[in-house]
Amino acid sequence: MTSRVCHFKLVLLGDTAVGKSCLVVRFVRDEFFEFQEPTIGAAFLTQSVSLEGATVKFEIWDTAGQERYRSLAPMYYRGAAAAIVVYDITNKESFNGAKSWVKELQRRGDPNVVIALAGNKADLPNKRKSVSSTFTTSAKSATNVKSLFQEIALKLPQSPPQSEREAFPIIPPKHAENKTCC
């Protein structure tokens, strides 16, 4: 028996240097780079999560966190079924930024968007943590990274219309009939 494949757009939002790209690279390629270059605009990756009876294929948009790219964010979260808002648990300001992202998603995003709040950098010593959170991750140690995406996949509807949709439908060109050349 083959399982359904459901495609969902997922966007990562958050302030600069909170570890959005590191989380995605850990999830998609199971790699971690100590020094990750800042994302310019956005990066696109895909990865699947297997569930009972279905496979969820995430079409992931990793957005830039720098303030100068903030105006581009709506272009990336428009139509997203899920969003991960990331903050750095050692940086209280990034948590305030995360709250701002959540409010923006609730106001301007899809009304049914699944929003996950992830406190990243859980590998850092406890004395450095300035924010307590319910779901912490560490891209460096891979703590809760797969679990985060698995939980999101479980919250998404696996209805047939969504699963039968092509990620990037290709429409064949219509051939002109009875046209003469110049």
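1. Helices here are DSSP runs of H or I with at least four residues, strands are runs of E with at least two, and both are numbered from the N terminus. Please keep in mind that this is a predicted model, in which local features need pLDDT of at least 70, side-chain atom pairs count only at pLDDT 80 or more, and totals for chains, interfaces and linings use all residues. Residues are numbered from 1 along each chain as its sequence is written, and side-chain values use heavy atoms, with hydrogens and water left out.

2. Asp 30 also takes part in a salt bridge: its side chain meets that of Arg 26 at 3.1 Å, N to O. The term stands for a side-chain nitrogen of Lys or Arg within 4 Å of a carboxyl oxygen of Asp or Glu. Asp 30 is partly exposed at 48% relative accessibility, whereas Arg 26 is buried at 12%. For these words, buried is under 20% relative accessible area, exposed is over 50%, and partly exposed is in between (1.4 Å probe, protein chains only).

3. How many salt bridges does the count come to? By this rule there are 4 salt bridges. Among them is the pair of Arg 29 and Glu 31, with 3.4 Å from N to O. Both ends of that pair are partly exposed: Arg 29 has 46% relative accessibility, and Glu 31 has a relative accessible area of 33%.

4. Another salt bridge joins the side chains of Glu 104 and Arg 108, at 3.8 Å, N to O. These two residues are 4 apart in helix 3 (residues 92-108), so about one helical turn separates them. As background, an α-helix has 3.6 residues a turn, so residues three or four places apart point the same way. Glu 104 counts as buried, at 7% relative accessibility.

5. Back to helix 1: is it mostly covered or mostly open? Mostly covered, with 9 of its 10 residues buried. The buried residues include Lys 20, Leu 23, Val 24 and Val 25. Their cover includes strand 1 (4-13), strand 2, strand 3, strand 4 (82-88), strand 5 (114-120) and helix 4.

6. The packing of helix 1 (residues 20-29) on helix 4 (residues 145-155) deserves a look: their axes come within 9 Å and cross at roughly 85°. That makes the two helices roughly perpendicular to each other. Leu 23, Arg 26 and Phe 27 of helix 1 make the contact with Val 145, Lys 146 and Phe 149 of helix 4. Here the axes are lines fitted to C-alpha atoms, for helices over the stretch in contact, and angles run from 0 to 180 degrees between N-to-C directions. Angles under 35 degrees count as roughly parallel, over 145 as roughly antiparallel, 65 to 115 as roughly perpendicular and the rest as oblique, while contact means heavy atoms within 4.5 Å.

7. Two of those contact residues return in an aromatic cluster, where ring pairs link Phe 27, Phe 58 and Phe 149. Rings of Phe, Tyr and Trp (its six-membered ring) pair if their centres lie within 6.5 Å; planes under 30 degrees apart are stacked, over 60 edge-to-face, and the rest tilted.

8. In total, the structure holds 6 aromatic pairs. One of them is Phe 44 with Trp 61, a tilted pair with 4.8 Å centre to centre and 50° between the planes. Phe 44 lies in strand 2 (residues 42-51) and Trp 61 in strand 3 (residues 54-63), so the pair ties together parts 17 residues apart in sequence. Trp 61 also pairs with Tyr 76: the ring centres are 5.3 Å apart and the planes lie at 35°, so this pair is tilted. Tyr 76 belongs to helix 2 (residues 73-77), so here the parts tied together are 15 residues apart in sequence. Phe 44 is partly exposed at 34%, Trp 61 is partly exposed at 25%, and Tyr 76 is buried at 15%.

9. The disulfide count, for pairs of cysteine sulfur atoms within 2.5 Å, comes to 0. Cys 6 is buried, with a relative accessible area of 0%, and Cys 22 is buried at 13%.

10. Lastly, Asp 110 sits in the loop between helix 3 and strand 5 and is partly exposed at 32% relative accessibility. Its C-alpha atom is 6.2 Å from that of Gly 79, a residue 31 positions away along the chain.
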